[in-house]
Amino acid sequence: MIHDALLILWDCCQTSEGVQQEPLTYANEGDAVIYKQISKIAYSHHKIQNFVIGTGYLSRKTHEASGHRMFGLYGQALSEGISEVLQSYKETLKDVENLVIGNKNYTLAFVYSYVEKYQGLFNTINRIITMLKERRLVGCQILSLLHQYILSGNEMVHEAIVKIFSNINAVFMNQLCTWLLYGELRDPYEEFFINSVKKNDSTDTFLSYQSTTITCEKSLVSTLQQTPLDCGYNLNSTMIPYFIPLSLAQEILFVGKTVILFGFDPKKVKKNNIFSMSKALIPLQKINIESRRFTIWEEKEAEFHEKLQKLKNPDEFEVCHLKSVVRDIKECVTKHLWIVAVEEAQLLHELYLMKDFYLLGRGELFLELLRLTSRLLDKPTTRTSTRDMNQAFQLAARSVFLSNSADIEKFSFELPYVKPNASDNLSLQEDSSSAADGWSTIILKYDFKWPLHLLFAPEVLARYNDMFRLLLRIKKTQHDLHALWKTYKNSSRFNSCQLHNKLMFLMDNLQHYLQADVLETNFSRLMDAVSKTNDFEKLKKAHANFLADILSQSFLTVTAEDTEGSDTLDSINNPVLNNIVELLRLGHSFCNLSEVTTDADDEDYYIRGYSERFNKLVKQLMQLLVSLREKPCGVYLARLLMRLDYNRWLSAEAQLTQSVTNMLRY
């Protein structure tokens, strides 16, 4: 009977739960119950052994040959870890056999006393196996599952789970090490929490398109800051181990992508065939791997490798230790990224170029450009509009002696052509024409240096173009109003002169507010932040804050507090921006009045209508301060209206009971 028990414990006989035949011969009293307990332990070991055989190396190779994929490297590591744990059980059985052979008086209770301690361990391992099969866990999910069972009151179970976990953790740390240090993803079974994604090449463009107003300033900052590196890799959220925070996983992804970025020669980057001014990250030739490692890590590669390898030890593996190593590696990577971006790619110079062109810092250039293209931009776009606009841009640069500057070659314009729909009626055609004119669709493109695409992503350039279109419209309206000064200087028509002065006063102060109070102030703050750091991530955040601030203070965004409880469609329209756009349209119509009518009576009729419209819009602008002064955007609106209403003239025109200056005291 003892030999029967040893055979089933060695898994040499077929065992099934609850169907063990009770031995009747040579049985002492109570041996049947003990035999059942031994059979349960044997059955638990049998299930574990079947799992080990089914997920081991030979089984994995067999399934690969047949085209089926079961468990990958993590499953094999789990199988090997369980096999190591079972070695203690097998050594115990050998000792029992030797003792039984040496003394025939031993009973089943003696055998059971040796194997009883494994019952809790086998039950725990079987629970893990059952959960793994039911949930169909693979890869890093297995690592998460084992980590949950490490804390156990049973010392044997604790030591066994730690040993199994260390086997799986070794696979995890090897993949993590190759990704962090070399930017290589060795994951043939797609088990790591970083996976490769296939993207359409046509989407990898840094061209800016016209976009709608952003509804939330805070989400805009995060969107602009968390610009992804288009290296073909992304996070697989289902595979992230539960003990690794999402922020740490994002840092790991960033480090590997940055290492990949430096793995290619920037001089070999090919331009995108679809958009000539955009740069796609298409590598043609890798730098020698040894020179790449030396450039990024210098003498720290061995140090980082040793730290990561130490984390394979379960006694050393702690999330805080892993986070510390990743932060050290990231600091080294971002420092090198700072050198490449700021010193080699001259990021500070490029930021000044963004200010000069996208934010109209080169006022003389754009005044000349408006003189050459105002008629072109007033009309609906055609197939030749882009070519004509770029030719005018070159002529304007030549007029202000910038044609020989290499910076001019980095910028170009695009006027997307919208084909008219001949089947629509006249009113729909007029709407589509007005929506497709040059002022609303013009795009300024920027051909930047590598690796500045990390900072000037498509979303960022789209926001810069939103700002550029608004500033260009204001500059054009202001220029047209000043051009009419000679016409109304000696005019006897009081109403026309008064409306002209009001519009010119409003546009001058609006333009001064945007250029001085918004752009210059925030750009100085950005340059100050850049001068105080050598971390590219902090620079990226400072630039995102700068862009979000100028968009918000220019009323191109609506903050979350403003849109709380409102519909999505309503929240994309900033009421202040809508009011300013209506004033710009009014100014444009006033400047083109001479083309509409030549009769004095008709002109007086139009002037009266424009004056009423102006007074109504000014009154709305003033009333917006009353309704929005408690909200975040009210701060910037108050700053603008303080400039407009410094002598309380607009308050009187809007017929308010108290001036804006008095309202701001409360």
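A salt bridge here is a side-chain nitrogen of Lys or Arg within 4 Å of a carboxyl oxygen of Asp or Glu, and a search of the whole structure finds 20 of them. Please keep in mind that this is a predicted model, in which local features need pLDDT of at least 70 and side-chain atom pairs count only at pLDDT 80 or more, while totals for chains, interfaces and linings use all residues. Residues are numbered from 1 along each chain as its sequence is written, and side-chain values use heavy atoms, with hydrogens and water left out.

**Salt bridges**

- Glutamate 350 pairs with lysine 410, their closest N and O atoms being 2.7 Å apart.
- This pair links distant parts of the chain, 60 residues apart: glutamate 350 sits in helix α14 (residues 347–357), and lysine 410 in the loop between α16 (385–399) and β3 (411–414). Helices (H or I, at least four residues) and strands (E, at least two) are DSSP runs, numbered from the N terminus.
- Glutamate 350 is buried at 0% relative accessibility, and lysine 410 is buried at 13%. Buried means under 20% relative accessible area, exposed over 50%, and partly exposed in between (1.4 Å probe, protein chains only).
- Aspartate 378 forms a salt bridge with lysine 476, with 3.8 Å between the closest N and O atoms.
- Aspartate 378 belongs to helix α15 (residues 363–378) and lysine 476 to helix α19 (residues 458–483), so the pair ties together parts that are 98 residues apart in sequence.
- Aspartate 378 is partly exposed at 28%, whereas lysine 476 is buried at 6%.
- Aspartate 388 and arginine 387 form a salt bridge with closest N and O atoms 3.5 Å apart; aspartate 388 is partly exposed at 26%, and arginine 387 is exposed at 51%.

- Beyond residues up to four places away in sequence, phenylalanine 193 touches several residues, including Cys140, Phe172, Met239 and Ile252; contact means heavy atoms within 4.5 Å.

**Cysteines**

- With a disulfide taken as a pair of cysteine sulfur atoms within 2.5 Å, the count comes to 0.
- Cysteine 177 is buried at 3% relative accessibility, as is cysteine 497 at 13%.
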